[in-house]
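Visitor: Please show me the protein, and then I will ask about its parts one by one.

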Amino acid sequence: MISGDVMIRLDRVSKHYPGQPAPAVAELSLDVPAGEIVVLLGPSGCGKTTTLRLINRLIEPSAGRILVDGEDVTRVDPDRLRRRIGYVIQQVGLFPHMTVAENIGLVPRALGWDRARIRARVDELLDLVGLSPETYRRRYPKHLSGGEQQRVGVARALAADPPVMLMDEPFGAIDPITRERLQDELLDLQARIRKTIVLVTHDVAEAVKLGDRIALFEPHARLAQYDRPAAILAEPANDFVASFVGSGAALRGLRLERVGALALEPVEVVRPGAAAVDRSARAVLLDDAGRPVRWASAGSRGAAGVAVVRTEDSVYDALDAMVRARDDAALVLDAHGDPVGALSWSTVVRRHPAGDSSPAPSFGDAR
Ligand SMILES: Nc1ncnc2c1ncn2[C@@H]1O[C@H](COP(=O)(O)OP(=O)(O)OP(=O)(O)O)[C@@H](O)[C@H]1O
């Protein structure tokens, strides 16, 4: 490793395509920490794909140095380099005449693994990306949905367990619902495998959701800002960044805040057949199985049931649940599913953090 935890270092890297008036990438310096997802975000033509392909030497730099795990990539044999760097692209690029198993097993075969080891690895990877090996290993790419093909593409990139993954608009061609699901799956996967991932997108929402850090480019790969998503949304470095992240930035920022970080109001739990005792607290009526049925107190009136969220959910999800329940508060459950308080709309809007200035949640359990 270079210093600290840097896995990829771009050091004043430029790429000037022959015949082009301006460089596609100009003197770009960027450190990618090990185990993080760094998103390259920016308008079309700003050099995101060029930057990505410089890292695995699909494109050679005109100037500057690129280090992967401390090694100058121009000094490494390209085949050896690419085995250490998984690569996932929008068009997936599965070979149509090969089965899913053969596609995933490409790199292990090139590495000379024996058949039993390849087969075991293929099944392990299919499981990892949520595809049943029995169902999928013998299928051909044309018999898979776009989302399934994308999962196979990810499995193939992971085949030789590379420490680094490059993903170029991996979910670009996928419908919005499947796209959300694949993004969630990528985050789940990353929590388990902790790769260093560089991912290209031009979608701000995707960048905010997936990125541990976002590198936001202006045209010609000029780095406008490199920071945590919350910082980019809250404190854009210049007018370009502010206009690129757009007017929905404040709302998007709520996806990054957890319900548990805000002050909750006390909730009284009322069991079937009992009445609320504490008139000052919100009371929620549970059914025999302990599921919330409706608010039992004055003040809160979910026209469409009780909005329920968990402490680890985002504040954005809490607002979404409130809007759907047509209510101004959501019941908050802990990781065990037990009620710990209520989050009110006004707390979100005024953003009261959890702390000693607010009343601690308290529970009357009237039976
Ligand atoms: N092989 C090439 N030869 C000449 N110019 C190229 C080549 N590849 C890319 N370019 C130019 O380099 C610039 C950066 O392109 P690049 O594909 O890296 O941008 P991008 O940010 O990934 O764009 P998009 O989001 O549209 O994919 C563009 O002006 C593009 O036209």
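Visitor: How many helices and strands are there in the protein?
Guide: This is a predicted model, and what follows is computed from it. The protein has 14 helices, and its strands number 17.

Visitor: What percentage of the residues in the protein is buried?
Guide: A residue counts as buried if 20 or more other C-beta atoms lie within 10 Å of its own. Of the 367 residues in the protein, the buried ones make up 39%.

Visitor: Into which domains is the protein divided, and how many Å apart do their C-alpha centres lie?
Guide: Domain 1 covers 6-256 and domain 2 covers 260-351. The distance between the C-alpha centres of domain 1 and domain 2 is 39 Å.

Visitor: Among contacts between residues at least 6 apart in sequence, what percentage joins residues at least 24 apart?
Guide: The count takes in contacts in the protein between residues at least 6 apart in sequence. Of these, the share joining residues at least 24 apart is 62%.

Visitor: Glutamate 27 is not a glycine; what is its phi, and is it exposed or partly exposed?
Guide: Glutamate 27 lies in strand β2 (residues 25-33) and has a positive phi of about 45°. Glutamate 27 has 16 inside 10 Å, so it counts as partly exposed.

Visitor: Where is aspartate 161 found, and what is its phi?
Guide: Aspartate 161 has 14 other C-beta atoms within 10 Å, which means that it is partly exposed. Its place is the loop between α7 (146-157) and β7 (164-168). Although aspartate 161 is not a glycine, its phi is positive, at about 55°.

Visitor: Why is helix α1 described as largely enclosed, and which of its residues are buried?
Guide: Helix α1 (residues 48-55) has eight residues, and six of them are buried, so the rest of the structure largely encloses it. Just after α1, arginine 57 takes a positive phi of about 65°. The buried residues of α1 are Lys48, Thr50, Thr51, Leu52, Leu54 and Ile55.

Visitor: Which elements cover the buried residues of α7?
Guide: Ten of the 12 residues of α7 are buried, and the helix is mostly covered. Among the buried ones are Glu148, Arg151, Val154 and Ala157. The covering elements include β6 (85-89), α3 (100-104), α4 (106-110), α5 (115-128), β7 and α8 (176-193).

Visitor: What span should α7 have, and how far apart are its end C-alpha atoms?
Guide: At 1.5 Å a residue, the 12 residues of α7 should span 16 Å. This agrees with the separation of its end C-alpha atoms, which is 17 Å.

Visitor: How do the residues of the shell around the ligand divide into nonpolar, polar and charged?
Guide: The residues around the ligand include Tyr17, Gln20, Ala24, Cys46 and His202. Lys48 and Thr50 are also around the ligand, and both are buried residues of α1. By class, the shell divides into three nonpolar, eight polar and one charged.

Notes
Residues are numbered from 1 along each chain as its sequence is written. This is a predicted model: local features need pLDDT of at least 70, side-chain atom pairs count only at pLDDT 80 or more; totals for chains, interfaces and linings use all residues. Helices (H or I, at least four residues) and strands (E, at least two) are DSSP runs, numbered from the N terminus. A residue is near a molecule or strand if its C-beta atom, placed from the backbone, lies within 6 Å of it. Ala, Val, Leu, Ile, Met, Phe, Trp, Tyr, Cys and Pro count as nonpolar, Asp, Glu, Lys and Arg as charged, and the others, Gly among them, as polar. Two residues are in contact if their C-beta atoms, placed from the backbone, lie within 7 Å. The expected span of a helix is 1.5 Å times one less than its number of residues. Domain bounds come from an automatic or database domain assignment.
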